[in-house]
Amino acid sequence: MNDILPGVSATWQYLEGVVREIVTSYGYDEIRLPLLEQTELFKRSIGEVTDIVEKEMYTFEDRGGESLTLRPEATAGMVRAGISNGLLHNQRQKLWTAGPMFRRERPQRGRYRQFHQFDVEALGFDGPDVDAELIIMSSRIWSRLGISRLRLEINSLGTSAARARYRETLVEYFSNVKDQLDRDSIRRLDQNPLRILDSKNPEMQPLIEAAPVMLDHLDAESSEHFDALRELLDAAGVAYSVNPRLVRGLDYYSRTVFEWVTDALGSQGAVCSGGRYDGLVERLGGRPTPAIGWAMGIERFVDLYEACGGKTPDAVADAYVVAVGDGALVEAFAMAEDLRDRIPDVRVEVNLGGGSFKSQLKRADRSNATFALILGEQEIEGHSVGVKPLRSGGEQISVPRDELATTLGTLMANEAPAERRGDE
Ligand code: ATP
Ligand code: MG
């Protein structure tokens, strides 16, 4: 679990802001969900025989003896909220949420025990159109941010009936090579053979490569759905490859699944993953409701953005107010408030803790502010302020107090226009 330190948090805020803006532009609304849910919710939705439920959940009993779990993902809570708030009765929902998730995995680069996701879900939509929209939306995020080192893989898992038939074929195949399976896979052979395909054990990969694939067992309807999705992606110019071995680690998926993967981050290559879960709402006690969504890992997203050369707009102060002498602090506060009133997004720091002129100016310099605004006895008497550029090495000028906001606004625009826009 990581502390996200100042400096790093600026990048997070910037990227989260861009994602928020883009999903909003497609008409998706925010929903905020609890971090804790009843354990049963995750067991029923994610599935008992999955890595998450078997070994990764943070589960505990509260003082009333109820079993609760820190959410390992957002979809289950989203569906629970949809049902318990009646959001799915004769309505369709396009929703997003973001925040921390918890899985007790083996920590390594890109894999943490508290990590963060941006999560988008569309509930009540049946057709391949929404599948395409969600994928196109994610693609827009990458292109907007200049992230290029990602490729899209898609697959179809078919309806649950088709999966049941495929399951028999798989069981037969893996039973014939049972002596080569690892312990997890042997256990899964009875309970959940599809999970074997999602194994991360390298020794299992040759067997998995040679296994029969779901795409060859698709039902006609899922097949049509998949073709229509591909057509929409082709028309939108979103490149993809079909990966018949993509199954995803959670039980609730059906039909379309997809994953954006990168080779820029070592072995933790999945940046954004999603799929359809048409049966989940009903399984959790709601009326049958088709649904689809994706989740992006924010840590991996931030890493990838930086690996692709992405920069974060500078968050240093525009001005640092140096105030020396009787009454200077009162003036300094009033002046800073006035600037914050009048210049949008300005960042002004007032020197705190007093000090000599020299030591305050040193702090101004260390703050990385663009300008020092100087209030000494002379300035206070003359209703003026000294404006000293700290970065460009220009001369200090004296500005009448009532012209400061206008002058500073102009100076700021001239000083660092590219940095302020964040596109150096
Ligand atoms: P992986 O195959 O890497 O374990 P996953 O299939 O378990 O990923 P999902 O449950 O689909 O992942 O979660 C969606 C996204 O959340 C992933 O694509 C990834 O970017 C991110 N993610 C998942 N687990 C972690 C983790 N432990 N630490 C950081 N990010 C994670
Ligand atoms: Mg995982």
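Which strands does helix H15 (residues 404-415) lie across? In this predicted model, local features need pLDDT of at least 70 and side-chain atom pairs count only at pLDDT 80 or more, while totals for chains, interfaces and linings use all residues. Residues are numbered from 1 along each chain as its sequence is written, chains are lettered from A and ligands numbered from 1 in the order in which they are written, and side-chain values use heavy atoms, with hydrogens and water left out.

Helix H15 lies across S12, S14, S15 and S16, at about 160 degrees to S14. Helices (H or I, at least four residues) and strands (E, at least two) are DSSP runs numbered from the N terminus; contact means heavy atoms within 4.5 Å. Angles run from 0 to 180 degrees between N-to-C directions, with axes fitted to C-alpha atoms, for helices over the stretch in contact.

The strands make up an open, mixed sheet of five, ordered S13-S12-S14-S15-S16. Strands pair if DSSP finds at least two bridges between them. At the edges, S13 and S16 (397-400) each pair on one side only.

Now for S12 (residues 319-323): five of its five residues are buried, so the strand is largely enclosed by the rest of the structure. Buried means under 20% relative accessible area, with exposed over 50% and partly exposed in between (1.4 Å probe, protein chains only). Ala 319, Val 321 and Ala 323 point one way, and Tyr 320 and Val 322 the other. S12 runs parallel to S14 (residues 371-375), joined by five bridges, and Val 321 has Leu 373 as its bridge partner there.
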